[in-house]
Amino acid sequence: GSKVEPGDTVSVDYVGKLLDGKEFDKSTPGHPLVFQEGVGMVIPGFDEALEYLKEGSKATIIIPSSLGYGPQGIKKPGEDSYAIPPSAVLVFDIDVLKVTKTK
């Protein structure tokens, strides 16, 4: 398949987990995440990892906190608890479904 490059529109299925295996996010079956690569629509580590993949690739990527949500983490809406703890390392299982080239 086509290699993912900055500016491409990418369609992926994914599951995001913490190192302890706790799932914090995933795409909905039949409704993949669609975004433009390399323009800041996803966390930096996700963008960076995808540029090593091609359409049809499946991978597990490990993203350090500095390329994820950093020391602030992500709080649950309306709560004081965290959906993603501060300085969390993230693990994503991803399936690159489609790459639409911009050129």
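How many bridges join strand 4 to strand 7, and do they run parallel or antiparallel? Six bridges do the joining, and the two strands run antiparallel. Keep in mind that this is a predicted model, where local features need pLDDT of at least 70, side-chain atom pairs count only at pLDDT 80 or more, and totals for chains, interfaces and linings use all residues. Residues are numbered from 1 along each chain as its sequence is written, and side-chain values use heavy atoms, with hydrogens and water left out.

**View 1. Here's Ser57, in the loop between helix 1 (44-50) and strand 4 (58-63).** Helices (H or I, at least four residues) and strands (E, at least two) are DSSP runs, numbered from the N terminus. Ser57 has a relative accessible area of 19%, so it counts as buried (under 20%, using a 1.4 Å probe and protein chains only). A polar atom of the Ser57 side chain sits 2.8 Å from the backbone oxygen of Lys54.

View 2. Look for Tyr14 opposite Ile94 in strand 7, and for Lys58 opposite Asp95 in strand 7.

Note on methods:
Buried < 20%, exposed > 50% of the residue type's maximum accessible area, 1.4 Å probe, protein only. Polar contact = N/O pair within 3.5 Å; in protein donor to acceptor, adjacent residues only side chain to side chain. Pairing = 2+ DSSP bridges.
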